[in-house]
Amino acid sequence: EIYKFKVWDGVLRTEWNATATYQVGNDFYTISGFSMLSGLFVQLTTEMNIELSTGWNIISSYVVPENTNIVDIYSPVVDNLKIAKNGYGLMYVPAYSINTIENWNVLDGYLVNMLQSGTLTINGYQIVPEETEIPLSNGWTLAPYLRNNPMYAPTAFESIADNLVIAKDNFGGVYVPLYGINTIGYLEPTYGYYLNVNTESNLVYPSNSAQKGSVIESITPNPKH
């Protein structure tokens, strides 16, 4: 019989399913057997809110939805949703019952056009950013930001520093490492970014607990004229 583990939170008075890793022995019962745990992993659900402004938004999620169906995810804001698109030309247009996206992919960023502002709420499991590779094609990719807190753009993109040509946000900000230009400043949770790389690459963000950066953080002032 396979061993099953649960963890009890005495403060929240909640029981969680746990996944065990073993230092010695098997993950199932044997007569006169001996097993020793090396750790227990509990994946907690969390709630993430994405604020959508009127007009175009570039968004992403650091939470894997429990329900990935794109129609269900956008149902709270469907009355004001004009169109949602990913970086591959797939789209969801509720007014015309067009849905070629079908399921939310946390490795994608999304362009969302709203008739009025609203809040998109996603419930699910938080991603471990340092263990998640985001594949980038040669050229442009609409990429997500998988950390749950802001990070200085050069630090966040350190894993693709040699291949990154330019990064752009939804507000006209850019990060161009070759020329030391950074008007994006910090990457923000729930935002998506357009990235242009000169070869196929895998983007891996630092952990949520990582510091913003040990170097002097320099942000390029926006032009006044």
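A residue is called buried when its relative accessible area is under 20%, exposed when over 50%, and partly exposed in between, with a 1.4 Å probe and protein chains only. The model is predicted, and local features need pLDDT of at least 70, side-chain atom pairs count only at pLDDT 80 or more, and totals for chains, interfaces and linings use all residues. Residues are numbered from 1 along each chain as its sequence is written, and side-chain values use heavy atoms, with hydrogens and water left out.

Searching the whole structure gives nine aromatic pairs, where rings of Phe, Tyr and Trp (its six-membered ring) pair if their centres lie within 6.5 Å, planes under 30 degrees apart counting as stacked, over 60 as edge-to-face and the rest as tilted. One of them joins Tyr145 and Tyr205, which is edge-to-face because the ring centres are 5.1 Å apart and the planes stand at 85 degrees. Tyr145 counts as buried at 0% relative accessibility, as does Tyr205 at 2%.

Phe157 and Tyr175 form a stacked pair, with 6.2 Å from centre to centre and 10 degrees between the planes. Both Phe157 and Tyr175 are buried. Leaving aside neighbours within four places in sequence, Phe157 is in contact (heavy atoms within 4.5 Å) with Leu164, Ala167, Tyr175, Leu187, Leu195, Leu203 and Tyr205.

Ring pairs also link Tyr74, Tyr92, Trp104 and Tyr110 into a cluster.
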